[in-house]
Amino acid sequence: MSIVKKPGAISNWYLPGIISGMIFTLRKMIYNIFHKDKMPTLNYPEEKYEYSPRFKGQHVLTVKKDGSIRCTACMLCATNCPAQCIKIVAAESEDPSVEKYPINYEIDVLRCVYCGYCEEACPVDAIRMGPEWQKPGANGSNFTYDIQELAYRPQLKGGIESRLDEQERHDFGI
Amino acid sequence: MPKITLNGKSIEVADGITIIEAYKQLDEPIAHYCWHPGLTIAGVCRLCVVEIEGNPRLQIACNTVVQDGMVVNNNSEKVKTAVKWGLDFHLINHPLDCPICDQAGECELQNQYMEFGKYDPEMAEHKVKKRKVVDLGERIVLDTERCILCSRCVRFTNEVSKTNELGIFNRGDRSEVGTFEDKPLNNKYSVNTVDICPVGALTSKDFRFRQRVWYLKDKPSICTGCSTGCSVNVYYNEEGIFRLKPRFNKDVNGYWMCDEGRDIYKHINKENRMVRGRYKKDGAWCSTLPLETAKKAGEKLRTYSADQIAVLVTGQYTNEELDVFVNYAVNKLGTKNIFHWKNNPDGWNEFDGLLLRGDKNPNSKGLQKVLQKHTVGGEWKDLVNQIDKFKAVVVAGPENLQAYPDLKEKIGTLARLECVVWATADDNIAFEGLMDFTYLIPQKTSVEKSGHFTNYNGLEQKVDVVTTLLSDSLNLEETVELLVGESVDMSQREKEDMHVMKKNYFTTERGRL
Ligand code: SF4
Ligand code: SF4
Ligand code: SF4
Ligand code: SF4
Ligand code: FES
């Protein structure tokens, strides 16, 4: 026990503690009533806090110009993920210039520690950690996100375009 | 015997070997692409350069024969610089494909770059674009951009498979490996070119994109595809087995294996296996634990007299298992009617001159030996001739049902008997044709048990447990124990199961080790 109670100390008395606490609360309350705009708390969930765009929140799989998924299924994110929560199934693409793409990409976000290592590992800017952070769900299975959720959820409005462009790269000769 | 000094270590080597072979004997690292111990020397990659004392210029180790008193090193600054910029030349037109390249993780370019390279490329020109994803027949996909023109694959088709499909076309930086007019590369040993390709230019269609190699573990085993018994490495993880690669064995297969043998992992994986024991009762299949099925089968068998029982056995089990099984048949069942079931008795002794044999069982020799020991043994046709005599048959069936194309027809014949006890590793739709009192007892496959296989030549080779795919399946020894009514301790198996189950879904399904 780290709390050391001194017998007979003033802090042991009940009423002085309560009264000084109430005075503090009342002071803040009256102050807040007259300075509503300066209030630090939010009326969640009606009001929501906007984090900076750099916030490492919900994963986003980026898309190419044509709207198809950017990920090449190299599995580097899955390899780098310390929580081992990324599961990818790769397949041969119809388009020979794509070659390999994921037919299944799942993140178990309940296991995810939001470290951002996946984002760092990705060689093609295919996965990013977006600013969204609020993701309720009714049971465990709602937290395994698939491609549909990660790349095309409504909040993304048709998908976030990757900044790496295949055609540009090709024209540049690499 | 010349005495030479390599990197300061002196070694006595055989006359006439090359410096690179001496390096390999010493286990000293040396960079190389085009040299392969199983092929002739090409000397085209110039990466194996070494400094020989008294020689002003660097020499290639793969094409320089050792001489007495040679003092060689490959760790001086001069050599390192030469390798580094040699590598830069190789990578001038090499695409940035590692993320989608199947070779990544076992790529010599990656390895050498990490060891010798680490330079900033000094090439300002655009890369030369070549053809990608070229379909080269049934098993191979070629990416000409990734090829470093080491010519290993070309030499392989010239020297080993002797089919001469591959060649290098055009000149300079437009040189391209390929087949004439993209004719398919469909020889029986084609996937060896994928193994020896030091980069990801040749990839196997079967393995393509199914796993990254760093998720796989490998263990030595023996190929059970035919009676040659090639030494292989089995690549697996918790999801199952993904590929086989040849392992050097100078007595059997050298550096190679056939394409057919590479497919045997498919029947070993869970999808094709008999998972639960099954028996047929009143026209309906009931499924139980393997050991329950074996016990039930044993009880049923005891109701027959010795001369009503026939025993059919295939050479797909280890020597130890066959010994126990035949012993059981002769001493416990008391029958002399033991028949050796061959996959194709007509083409039994076929041999294609390199590795592949017509006898598709890993252990026919071992079986013959065991049968001789007990002076029993007949053929399938002997069984058919006297089939009316029998009421029950115990089958130590093939592990690889694919090797027995006439399975359905054979099952049709056996279905005439009253009781069939069949030990099998694989499941097959043909088993549906069996009647009441059929007992199908799930068996382990060659990668799940240890023992010995005797190949066509009488060479006994050891196999060890590689991995366990179905922990409650039985080996033939355990099956025999249960058939005679003894019990088998399965507690260890349950522990294995728990070990797998405790892990999270993502860990088990993803294939982490
Ligand atoms: S943020 Fe970290 S834990 Fe989450 S998926 Fe990415 S690498 Fe894995
Ligand atoms: S998200 Fe990026 S790192 Fe992960 S598999 Fe796709 S391309 Fe590779
Ligand atoms: S061959 Fe090697 S270096 Fe080239 S893309 Fe494939 S893995 Fe990368
Ligand atoms: S395809 Fe592979 S083995 Fe053949 S020449 Fe090119 S790099 Fe060498
Ligand atoms: S290994 Fe010696 S030149 Fe290629």
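The shell around ligand 2 consists of 12 nonpolar residues and 1 polar residue, with no charged residue among them. In this predicted model, 13 residues surround ligand 2. The closest of these are Cys71(A), Cys74(A), Met75(A), Cys77(A) and Cys122(A).

The shell around ligand 3 divides into 6 nonpolar, 3 polar and 1 charged residues. The residues around ligand 3 include Cys98(B), Cys101(B) and Cys107(B), together with His94(B), Asp97(B) and Gln110(B).

The next topic is the division of chain B. Chain B is assigned domain 1 (3–90), domain 2 (123–267) and domain 3 (274–500). The centres of domain 2 and domain 3 of chain B, taken over C-alpha atoms, are separated by 34 Å. At the boundary between these two domains of chain B, 29 residues of domain 2 are in contact with 26 residues of domain 3. About 2500 Å² is buried between domain 2 and domain 3 of chain B, and carbon and sulfur atoms give 61% of this area. On the side of domain 2 of chain B, Thr224(B), Ser227(B) and His267(B) lose the most area to domain 3, together 27% of what that side buries.

Between domain 2 and domain 3 of chain B, 15 residue pairs are in polar contact, both residues being at pLDDT 80 or more. Four elements of chain B each supply at least two residues of the side of domain 2 that touches domain 3: strand 11 (217–222), strand 12 (231–237), strand 13 (240–246) and helix 7 (264–268). Strand 11 of chain B gives the most to this side of domain 2, with 4 residues. By class, the side of domain 2 of chain B that touches domain 3 has 14 nonpolar, 11 polar and 4 charged residues. The count of salt bridges between domain 2 and domain 3 of chain B is 2.

Over all chains, the structure holds 38 salt bridges. Two salt bridges are listed below.

| Residue | Partner | Closest N and O atoms |
|---|---|---|
| Lys188(B) | Asp352(B) | 3.5 Å |
| Glu99(A) | Arg146(B) | 3.5 Å |

The pair of Glu99(A) and Arg146(B) crosses between chains. Glu99(A) lies in the loop between strand 2 (86–92) and strand 3 (100–108) of chain A, while Arg146(B) lies in the loop between strand 7 (140–142) and helix 4 (152–160) of chain B.

Technical notes: Residues numbered from 1 in each chain as written. Chains lettered and ligands numbered in written order. Predicted model: local features only at pLDDT ≥ 70, side-chain atom pairs only at ≥ 80, totals over all residues. Heavy atoms only, no water. Near = heavy atom within 4 Å. Nonpolar A, V, L, I, M, F, W, Y, C, P; charged D, E, K, R; others polar. Domains from an automatic or database assignment. Contact = heavy atoms within 4.5 Å. Buried area = accessible area lost by both parts, 1.4 Å probe. Salt bridge = Lys/Arg side-chain N within 4 Å of Asp/Glu carboxyl O. Polar contact = N/O pair within 3.5 Å; in protein donor to acceptor, adjacent residues only side chain to side chain.
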